Amino acid sequence: MSVYANKEEEKLDDEGGFTTGTLTYGTSVYWQINKNYFVSMFAERYDGDDYYNTSVFTQAGYRF
């Protein structure tokens, strides 16, 4: 399992400018169920000033 977060800010150079910022965070999991089967999942959230986005990816597999 892994977890991460990132915050980014940008201050505009104009007089009276304002600061914009984004926050990105997420997690991923890989689970080996037994010798042949596995499951993985990844989820991420992006929060910006004007919009947000959430992504989820899942995968299940069989190894020969």
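A salt bridge is a side-chain nitrogen of Lys or Arg within 4 Å of a carboxyl oxygen of Asp or Glu. The structure holds one salt bridge. This is a predicted model, in which local features need pLDDT of at least 70 and side-chain atom pairs count only at pLDDT 80 or more, while totals for chains, interfaces and linings use all residues. Residues are numbered from 1 along each chain as its sequence is written, and side-chain values use heavy atoms, with hydrogens and water left out.

**View 1. The salt bridge joins Arg45 and Asp47.**
The closest N and O atoms of Arg45 and Asp47 are 3.0 Å apart. Side chains of opposite charge can pair when their charged atoms come close. Buried means under 20% relative accessible area, exposed over 50%, and partly exposed in between (1.4 Å probe, protein chains only). Arg45 counts as partly exposed because its relative accessibility is 25%. Asp47 is also partly exposed, at 23% relative accessibility.

**View 2. The protein chain has four strands and zero helices.**
Helices (H or I, at least four residues) and strands (E, at least two) are DSSP runs, numbered from the N terminus. In order from the N terminus, the elements run β-β-β-β. Of the 64 residues in the protein chain, 8% are buried. The accessible surface comes to about 5,500 Å², with 54% of this belonging to carbon and sulfur atoms; such areas come from the Shrake-Rupley method with a 1.4 Å probe, and for residues only the protein chains shown count as cover. Contact means heavy atoms within 4.5 Å. Among contacts between residues at least 6 apart in sequence, 26% join residues at least 24 apart.

**View 3. Strand 3 and strand 4 are joined by a hairpin.**
One of the residues with a bridge partner is Tyr46, whose partner in strand 4 is Asn53.

**View 4. Ser40 is a buried residue of strand 3.**
Why does Ser40 count as buried? Its relative accessibility is 13%, so Ser40 falls under the cut-off. Beyond its neighbours within four places in sequence, Ser40 is in contact with Val29, Tyr30, Phe57, Thr58 and Gln59.

**View 5. Thr24 is a buried residue of strand 2.**
Thr24 has a relative accessible area of 15%. Apart from residues up to four places away in sequence, Thr24 touches Tyr4, Ala5, Asn6, Glu44, Arg45 and Tyr46.

Gly61 is buried, at 17% relative accessibility. Gly61 and Tyr37 are 24 residues apart in sequence, and their C-alpha atoms are 5.7 Å apart.

**View 6. Lys35 sits in the loop between strand 2 and strand 3.**
Strand 2 runs over 19–32 and strand 3 over 37–47. Is Lys35 buried or exposed? Lys35 counts as exposed, at 74% relative accessibility. Lys35 and Tyr62 are 27 residues apart in sequence and 9.0 Å apart in space, C-alpha to C-alpha.

**View 7. Tyr30 and Phe38 form a stacked pair of rings.**
Rings of Phe, Tyr and Trp (its six-membered ring) pair if their centres lie within 6.5 Å; planes under 30 degrees apart count as stacked, over 60 as edge-to-face and the rest as tilted. By this rule the count comes to three aromatic pairs. The rings of Tyr30 and Phe38 have centres 5.7 Å apart and planes at 25 degrees, so they are stacked. Tyr30 is partly exposed, at 43% relative accessibility, whereas Phe38 is buried, at 12%. Ring pairs also link Tyr37, Tyr62 and Phe64 into a cluster.

**View 8. A nonpolar surface patch covers about 1,300 Å².**
Patches are made of residues with over 30% relative accessible area and no salt bridge: like charges are joined within 9 Å, and nonpolar side chains (Val, Leu, Ile, Met, Phe, Trp, Tyr) within 5 Å. The residues of this patch include Met1, Trp31, Ile33, Met41 and Phe64. Strand 2, strand 3 and strand 4 each supply at least two residues, and strand 3 gives the most, with three. Met41 is found in strand 3 and is partly exposed, with a relative accessible area of 41%.

Definitions and conventions
Pairing = 2+ DSSP bridges.
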